[in-house]
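User: I would like to learn how to read a helix and a sheet in a model. Please take me through the one shown here.

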Amino acid sequence: MQMKHEEILKRTKDTNKAKDFFLEKLAFMIGPDRLKHLMEKHLEDFNLIDVRAYEDYIKGHIPYAVHIPYDQMEEQLVKLSKDKVNILYSHSFLCQKSKKAAYILADEGYPVMELLGGFKGWKKRDFDIIETDDADYPN
């Protein structure tokens, strides 16, 4: 659904809706610094999922991330737990794959969050990344 410019400007004038929207958004987003802290202290409480293509995953991914490509998410839901928060990431702010995958998970009753900035945001903080050789990949 494409909104006209006038409709967009009209909607932004409702500051109560905006406040509610951003509060909700914050509840389901996590930044790279907070994720790094969780990885150091609470790794057992969440799953970290890279939804990018296989080629991108093996070039570099966040430590402890499992690879479930966006286009396979629905078929691979059985690999995930509804008892843990599932933190998803894709390429960057501009990539919509993790948002779409998060919608699929939420629709199926899985707790879910999205990493702000995706892989590029993580890498920009100069945090560790894992490069995987093709031979190490289980698929």
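**Reading a helix, a loop and a sheet**

Analyst: Ser 92 touches Gly 117, Gly 118 and Lys 120, leaving aside residues up to four places away in sequence; contact means heavy atoms within 4.5 Å. This is a predicted model, in which local features need pLDDT of at least 70, side-chain atom pairs count only at pLDDT 80 or more, and totals for chains, interfaces and linings use all residues. Residues are numbered from 1 along each chain as its sequence is written, and side-chain values use heavy atoms, without hydrogens and water.

User: Where is Ser 92 found, and why does Ser 92 count as buried or exposed?

Analyst: Buried means under 20% relative accessible area, exposed over 50%, and partly exposed in between (1.4 Å probe, protein chains only). Ser 92 counts as buried because its relative accessibility is 16%. The residue lies in the loop between strand E4 (85-89) and helix H5 (97-107). Helices (H or I, at least four residues) and strands (E, at least two) are DSSP runs, numbered from the N terminus.

User: Which residues of H5 are buried, and what covers them?

Analyst: An α-helix has 3.6 residues a turn, so residues three or four places apart point the same way. In H5 the buried residues are Ser 98, Ala 101, Ala 102, Ile 104 and Leu 105. They cover an arc of only 160° around the axis, which puts them on the same side of H5; the arc is that of the directions from the helix axis to the C-beta atoms. Their cover includes E4 and strand E5 (112-115). Exposed Tyr 103 and Asp 107 are on the face turned away from the buried side.
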